[in-house]
Amino acid sequence: MGKDTISLFKGTYTGGEKPHHWLRRLEGQFELTTALPEQLHRFTMHLDPGNKAEQWHKKLGDADKASWNTLIAVFGRKWPLAPTVEHTRDELLHRLERRVLLETKIGQLVGDKDEKIYTHVKWAQDIRVLADALEDDRGHLISNARRGLPLMVRHLLPSSGIDTWDTFLAAVTTLSLSRIEDELKQEAKFKSREDWQKSVDTITSQFQHGTSLQTAPKQPPPTYQYASTYQALRQQQIPHH
């Protein structure tokens, strides 16, 4: 990555900012022979002017900048590295099965402005992390993950040869956007015809129902029938004088 592509560090966690990711990218610009003064200068020049990180840096003493490792230690105390959370296998499996790619999100871009990727690629990346954490080397859980894809995407995947995580996720990430668009258009046409047919069926049903109401003989409701029968029996039982 070029030296001018790293973003300025604010220290506010806004916009998805990750302090230790930023620091690692900055260190990646250093050579083994980069001297401490140059390291400190680059660190300073990559702080967002007037923001929280620069204000913190201005308050540091000389001892805090005596070495690069010292500066990193001070940086880590100000912006601690988030602890790694160990998840159980059931939790990881639940997360894998809950990772669903919505059809309405297909074809959209997500991520930071400089690192945007399509939603189906992001889905594949997330599934890869979970599959690795589950240590499913034989791909037994591929079918579980596959259910998280929209039906139209599943239709576009090869019918065979994707029985490993590498081949399955590669098939997802390399899906042609033009094929996805064609599938979406086809599905929209089908839904339009389906909605039209439902409307026709509804109107037809209402018409038939209305016709049957006019031609059917009028009969009293069951309750009224029962009451009439009861009254007739009562009249037969009462003696006439």
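I started with Asp-126 and Lys-122, which both sit in helix H6, four residues apart, about one turn of the helix. Helices here are DSSP runs of H or I with at least four residues, numbered from the N terminus. The two residues form a salt bridge, and their closest N and O atoms are 2.9 Å apart. For a salt bridge I need a side-chain nitrogen of Lys or Arg within 4 Å of a carboxyl oxygen of Asp or Glu. Lys-122 is partly exposed at 31% relative accessibility. My cut-offs are buried under 20% relative accessible area, exposed over 50%, and partly exposed in between, with a 1.4 Å probe and protein chains only.

A note on what I am looking at: this is a predicted model, where local features need pLDDT of at least 70 and side-chain atom pairs count only at pLDDT 80 or more, while totals for chains, interfaces and linings use all residues. Residues are numbered from 1 along each chain as its sequence is written, and side-chain values use heavy atoms, with hydrogens and water left out.

Next I looked up Asp-132, which forms a salt bridge with Arg-128, the closest N and O atoms being 3.8 Å apart. They are four residues apart in H6, so about one helical turn separates them. Asp-132 is partly exposed at 48% relative accessible area, and Arg-128 is partly exposed too, at 26%. I also found that salt bridges with shared partners join Arg-99, Lys-122 and Asp-126 into one network.

**Elsewhere**

How many salt bridges does a search of the whole structure find? I got seven. One pairs Arg-24 with Glu-27, with 3.9 Å between the closest N and O atoms. Both lie in helix H1, three residues apart. Arg-24 is exposed at 63%, whereas Glu-27 is partly exposed at 24%.

**What H6 packs against**

I checked H5 (residues 89–98) against H6 (residues 119–134): they pack at about 155°, axes 10 Å apart. Axes are lines fitted to C-alpha atoms, for helices over the stretch in contact, and angles run from 0 to 180 degrees between N-to-C directions. That makes H5 roughly antiparallel to H6, a label for angles over 145 degrees. I listed the residues that meet, with contact meaning heavy atoms within 4.5 Å: Leu-92, Leu-93 and Leu-96 are among those in H5, and Ile-127, Leu-130 and Leu-134 among those in H6. The contact divides into eight nonpolar, no polar and two charged residues. Nonpolar covers Ala, Val, Leu, Ile, Met, Phe, Trp, Tyr, Cys and Pro, charged covers Asp, Glu, Lys and Arg, and the others, Gly among them, are polar.

Then I turned to H9 (residues 165–173), whose axis comes within 8 Å of that of H6 and crosses at roughly 165°. H6 and H9 are therefore roughly antiparallel. His-120, Trp-123 and Ile-127 are among the H6 residues here, meeting H9 residues including Trp-165, Phe-168 and Val-172.

Is His-120 buried or exposed? It is buried, at 3%. Leaving aside neighbours within four places in sequence, His-120 touches residues including Leu-101, Leu-175 and Ile-180.

Most residues other than glycine have a negative phi. Tyr-13 has a positive phi of about 65°; it lies in the segment before H1 and is partly exposed at 43%. Glu-135 has a positive phi near 55°. I placed Glu-135 in the loop between H6 and helix H7 (142–146), where it is exposed at 64%.

Note on methods
Helix = DSSP H or I, 4+ residues; strand = E, 2+ residues; numbered from the N terminus. Parallel < 35°, antiparallel > 145°, perpendicular 65-115°, else oblique.
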